[in-house]
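Here are some notes for a colleague opening this entry for the first time. Please read them beside the model.

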Amino acid sequence: VVPNGITKITIEVWGAQGGTAQASINGCGATPDIGGNGGYAKGDLTVVPGETLQINVGCMGGKANAPGWNGGGNGCGDADTCTGGGGGSDVRKGGVALANRVIVGGGGGGAEYSCGAQGGGAGGGLVGNAALGSDAGVAGDGKGGTQAAGGAGGVNPGWPMNGKNGALGVGGDGSLLLHSGGGGGGYYGGGGGSVDGSAGGGSSYIGGVANGSTQTGLKTGDGQVVLSY
């Protein structure tokens, strides 16, 4: 609830990091593919004393069927090789629907099990980053969300199940089979990875604030929201 006498606040939001597969942690030494870092956004918001703002803080993507809260995409049921995407963080004014978001920090994409020292795409920026280093090649990597659409899911021609596209506020699911990551949440979510594919990061949004700015890939772990006035 906005305190008495306050008519403007500065908002900073950080999306959450995508998940890192347990097999990468256990078996890759110094070169695991890791979940993409969450993005950052900042801006000023005009408010009215007494009004209520909804604050949503994204959670880091987990193992297997454990997408990060607030929009992370699902990986698959294999806890060793699949991960969920990181959730986006946002502030909403005038209601709880996605359409009421005034600022968003994009979440990072989840990483599949691989040892290439790359992984899920970073969240944030007006366009989230694509994943890197998929064992299925570039086509297997999920792409980042934009200001107009979710990122495309990765494709592995050798398997019948591919990554799902991201959508408004939600990262796309991975292949739901094995070796895949879920897309990061955000304004638009990143695309899920194919089999042998990591996922893209979600985009940030600054269209509802003044003096807005956004950066890609600054946050490890869970997301964060800071209000200053």
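Are Tyr 187 and Tyr 188 buried or exposed?

1. Both Tyr 187 and Tyr 188 are buried. The model is a predicted one. For Tyr 187 the relative accessibility is 17%, and because buried means under 20%, the residue falls in that class.

2. Three aromatic pairs are present in the structure.

3. Tyr 187 and Tyr 205 both lie in the loop between β5 (101-105) and β6 (210-219), so their pair ties together parts that are 18 residues apart in sequence.

4. Tyr 205 is buried, its relative accessible area being 17%. Through ring pairs, Tyr 187, Tyr 188 and Tyr 205 are linked into a cluster.

5. The loop between β5 and β6 also holds Ser 134. With a relative accessible area of 10%, Ser 134 is buried.

6. Which residues does Ser 134 touch, leaving aside residues up to four places away in sequence? They are Glu 112, Gly 140, Asp 141, Asp 196, Gly 197 and Ser 198.

7. Ser 134 can also be placed relative to Gly 84: 50 residues separate Ser 134 and Gly 84 in sequence, and C-alpha to C-alpha they are 16 Å apart in space.

Technical notes
Residues numbered from 1 in each chain as written. Predicted model: local features only at pLDDT ≥ 70, side-chain atom pairs only at ≥ 80, totals over all residues. Heavy atoms only, no water. Phe/Tyr/Trp six-rings, centres within 6.5 Å; stacked < 30°, edge-to-face > 60°. Buried < 20%, exposed > 50% of the residue type's maximum accessible area, 1.4 Å probe, protein only. Helix = DSSP H or I, 4+ residues; strand = E, 2+ residues; numbered from the N terminus. Contact = heavy atoms within 4.5 Å.
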